[in-house]
Amino acid sequence: MGDRHTRKLTPGLALSGLGLAVAVIAAAAAAIGPYPLTINDIAAALLRRLHGVSDPAFAQLETVLFSVRLPRIGAALLVGAALSAAGAVYQGLFRNPLVSPDILGVSTGAGLGAALGIFLSLPVIAIQGMAFATGLATVALVYAVATAVRGHEPTLVLVLAGVVLGALAGACISLLKILADPYDQLPAITFWLLGSLASIQPADVATAAPVVLISLVPMVLLRWRMNLLSLGDEEAAALGVDPRRLRALFIAAATLMTASVVAISGVIGWVGLVMPHIARLLVGPNFDRLLPASMLMGAGYLLLVDTLARTMSATETPLGILTAFVGAPVFIWLLATGRRGW
Amino acid sequence: MELRAEKLAFGYGHQPVGRDVDLSVSPGQVLCLLGPNGSGKTTLFKTLLGLLPAQGGRITLDGTQMSALSRAEIARRIAYVPQAHEAVFPYSVRDMVLMGRTVHQGLFAQPGEVDRARADAALSDLGIADLADRDYTRISGGQRQLALIARALAQESRLVVMDEPTASLDFGNQVVVLDQVKRLAGTGLGIVFSTHNPDHAFACATDVLVLDEGLTRAAGAPADALTEEMLSSVYGVDVRLETLSSGYRVCVPPALSG
């Protein structure tokens, strides 16, 4: 059997391997930085925290670890896992292994809200709130437009509506950039649109994490039915599921998840596109395994990239730039070697 | 279990495709749907499966209006075998067949032991048990068609609707698929299938319905309903029917025999 597939590892083995890799990257990320820590320092500090012991001799070390590094590590893991989970959902829904979580305009919409917030000099929390709200609103609008336009392939109309409204939101962002104060607001908008975890606060992670977890619930519970949706509407319907309701639910969950992390990290491209695709090569397309594999890979990858971003040079490199430099070649490689999609 | 359409009008949205179609299928019956390209076969199938709303007339499943049934209730009674397609994602053949079990599972369920056993039994039944762990995207068109039929078996519906199950298959695989159709009807399934080849109606159908421009041109047992005049007029070429010495009926185009 020459074409018998050998590329898929045992799913359990693949997932444990990915989990281990993420743990190693996290430990390394906690140790590396302008204030280097050893694994022993970190373990000892964690044990002290666990037992409620405080020792003034370690005050500086603990501040670095608990107030700076761990929140940032948590944010990177959360953002990477969420973007990849949403990407896996969208790729299944649109039956295309090369779509990303922002295909319906959630990131561009969130970018518009954030740019407006920065333009109006609002406080950070309000900027995040606006990004979250406009991200959701954009997808809701895309969905409403697609539902109003009948008589075509529903997923195709959704994608086209997403492209059109995304372009419109992009034009509004450009307008805000022109109007913005070039010394203060413009760099902030640009930086936000490229994504960064440099100014992440523990509170950011604490607000985004519950939203991500809630969005994850329907994805996990309905993971088998997600497979049926990826066969297309007619087959899914003939197999006994209601594709429209199921799709609406998955879009809502994936959008909520993306918007909640984009609001704290800014727009980080490529992760949600490339990671689910590679995860599929590793464990196959069954959503039962694809979802955890995508999340682990996305979490580990973004943490790796973020650690590079903060240690490579004295000034932080925006994440969107790094993910693009890695993502674009991988994407081209996938196009060249991958199967036919649309 | 009976699928019955009366005075059925069908089409997309406001655009009518066909009307006044009467048909019925019960377990053990094989209804072959014939008709030239664009005659409305696919639209009729989608309407029979409840994927498109009927524009007029009625479709009933055991006397219950189709429109009153949920997707799951329809799927427990009628299974659909699409044309062997290229899947986007490389599901294993077993996973593909397991998807037919969804209608017997709870909303949040994963396939269990029983489902796996049924799926494997369906694969064995069609003689493709050895393909279970292969990627659906990496098997041949004929094997895919058999896998999709296995999925319909795993769904355990008494009626199966097959959209051109022999389309784009080589000669050998066409015979294999038609043989399965005949065999499955023998096990008590009711089957509706469409084809472009009238010979297939003679080969394995108990009933035939010829659709032309959305209207019924002929219906009944193949031997009675399929006449040279009717087939010639529907397909727009001269058609001669001949009986081979084995008793097998075939269509012959005289245009090609001279």
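## Getting to know chains A and B

Colleague: Why does the radius of gyration of chain A agree with a compact globule?

Modeller: This is a predicted model, where local features need pLDDT of at least 70 and side-chain atom pairs count only at pLDDT 80 or more, while totals for chains, interfaces and linings use all residues. Residues are numbered from 1 along each chain as its sequence is written, and chains are lettered from A and ligands numbered from 1 in the order in which they are written. The radius is taken over C-alpha atoms, and the globule rule is 2.2 Å times the number of residues to the power 0.38. For 342 residues a compact globule would have a radius near 20 Å, so chain A agrees, with 21 Å.

Colleague: How many helices does chain A have?

Modeller: Helices (H or I, at least four residues) and strands (E, at least two) are DSSP runs, numbered from the N terminus. Chain A has zero strands, and its helices number 14.

Colleague: Which helix of chain B gives the largest share of the side that touches chain A?

Modeller: Two residues are in contact if their C-beta atoms, placed from the backbone, lie within 7 Å. On that basis 26 residues of chain B are in contact with 28 residues of chain A. The largest share on the chain B side is three residues, and they come from helix 2 (residues 71-77) of chain B.

Colleague: How far apart do the C-alpha centres of domain 1 and domain 2 of chain B lie?

Modeller: The bounds, from an automatic or database domain assignment, are 3-226 for domain 1 of chain B and 227-258 for domain 2 of chain B. Their C-alpha centres lie apart by 27 Å.
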